[in-house]
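Me: I'd like to learn how to read a protein model feature by feature. Could you walk me through one?

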Amino acid sequence: MPVVADARVLTTLPLFQNLPDAQIQQLNAALRRRQFLAGVDIITAEQPGEVMYIILSGTVKIYAEQADGSSVILAILGAGEIFGEMSILENIGRSATVVTLEESTILWMDRLTFEASLRDIPGMSQNLVRIFSRRLRLANAQIQALATLDVFGRVARQILAFAHEYGQQQPNGVLIPLRLTQSDLAGMVGASRVRVNQVLVFYKQQSYISVDQDARITVFNQAALAARCQ
Ligand code: CMP
């Protein structure tokens with residue numbers, strides 16, 4: 001049975017962009033789909049990797065646990081992003097843990113299907129290289145921010161990065177459709193939750209942003225946030 005009723009949905013995903021119809025149909029038959037509730041560990045670090053995933057809707061957090069029990073958040077990913085491919089490609093254990101931050105619909109394929117698709121569909125391999133390049137660019141920006149900016153700057157840069165990657169233009173600003181709690185933002189910018197709360201309160205008072213009850217941020221003043229990143 002096809003994983004999505006309208007195969008064109010697959011062509012909107014970066015991994016499957018610009019692929020010929022026949023190959024999209026082939027993938028539609030090979031992929032599987034699963035609904036995860038919020039707070040479910042989909043991947044556990046160091047376990048063998050046998051499945052890769054594509055987010056159709058929802059948000060996941062990628063994090064590494066430290067010896068002292070704290071965790072470093074490597075990325076928060078939304079619709080269209082992939083995860084779980086690294087351990088398959090490198091044939092080593094999972095590099096990080098992945099947990100859902102809200103109810104999410106996820107497509108998945110097993111190792112053999114993923115490897116065969118990369119071999120048989122050259123366009124998909126090219127898309128994967130582009131995804132890795134973008135991921136490295138985002139990681140570079142995060143390393144630079146951690147090395148050079150104060151907490152106001154790091155929070156501003158992270159909000160702008162999410163707005164750039166996922167933002168949806170609204171009449172009054174740019175909505176980031178990811179569930180971003182203060183703790184998760186703190187884990188991404190390497191600061192305490194209390195400190196991030198102070199920064200967010202300030203940005204809200206200045207009307208740079210708003211945060212709704214579902215922890216979704218709308219950015220009203222990108223220029224003001226950008227000025228904080230210099
Ligand atoms: P894998 O190692 O199989 O399992 C954990 C997954 O987290 C990994 O594959 C990647 O898909 C994903 N991942 C790890 N580091 C990052 C990162 N910096 N940015 C985005 N995704 C990542």
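Predicted model: local features only at pLDDT ≥ 70, side-chain atom pairs only at ≥ 80, totals over all residues.

Me: What is phi of Asn18 near?

Reply: The general idea comes first: most residues other than glycine have a negative phi. In this model, phi of Asn18 is near 60°, a positive value in a residue other than glycine. Ala215 belongs beside that case, with phi near 65°, again positive in a residue other than glycine.

Me: Where does Ala215 lie?

Reply: Ala215 is in a loop too, the one between β11 (209-211) and β12 (217-219).

Me: Is Asn18 buried or exposed? And is Ala215 buried or exposed?

Reply: Here you need the cut-offs: buried means under 20% relative accessible area, and exposed means over 50%. Asn18 has a relative accessible area of 73%, so Asn18 is exposed. Ala215 counts as buried because its relative accessibility is 10%.

Me: Now for the strands and helices. In which strand is Thr100 found, and which backbone atom does its side chain reach?

Reply: Thr100 is part of strand β7, which covers residues 97-100. Its side chain reaches the backbone nitrogen of Val40 at 2.9 Å. With 2% relative accessibility, Thr100 counts as buried.

Me: How should I read distance along the chain against distance in space?

Reply: Phe114 and Ala30 are 84 residues apart in sequence and 9.5 Å apart in space, C-alpha to C-alpha. For Leu77 and Lys61, 16 residues apart along the chain, the C-alpha atoms are separated by 6.4 Å. Gly173 and Met124 are 49 residues apart along the chain, and 34 Å separates their C-alpha atoms.

Me: In which elements do Phe114, Leu77 and Gly173 lie?

Reply: Phe114 sits in helix α4 (residues 111-120). Leu77 has its place in strand β5 (residues 71-77), and Gly173 is in strand β10 (residues 173-175).

Me: Why does Phe114 count as buried?

Reply: Phe114 counts as buried because its relative accessibility is 0%.

Me: How far is an oxygen atom of the ligand from a polar side-chain atom of Arg94?

Reply: A polar side-chain atom of Arg94 lies 2.8 Å from a ligand oxygen atom. In Ser87, an N or O atom of the side chain is 2.6 Å from an oxygen atom of the ligand. Gly84 takes part through its backbone, where a polar atom is 2.8 Å from an oxygen atom of the ligand.

Me: How much of the ligand's accessible area does the protein cover?

Reply: On its own, the ligand has 460 Å² of accessible area, and the protein covers 91% of that.

Me: And which pocket does the ligand take up?

Reply: The space taken by the ligand is the largest pocket.

Key: Residues numbered from 1 in each chain as written. Heavy atoms only, no water. Polar contact = N/O pair within 3.5 Å; in protein donor to acceptor, adjacent residues only side chain to side chain. Areas by Shrake-Rupley, 256 points an atom, 1.4 Å probe, with all protein chains shown as cover. 1 Å grid on protein atoms, 1.4 Å probe; cavity = no way out; pocket = protein on both sides within 12 Å on 5 of 7 lines; lining within 4 Å. Sits in = over half its atoms within 2 Å of the grid points. Helix = DSSP H or I, 4+ residues; strand = E, 2+ residues; numbered from the N terminus. Buried < 20%, exposed > 50% of the residue type's maximum accessible area, 1.4 Å probe, protein only.
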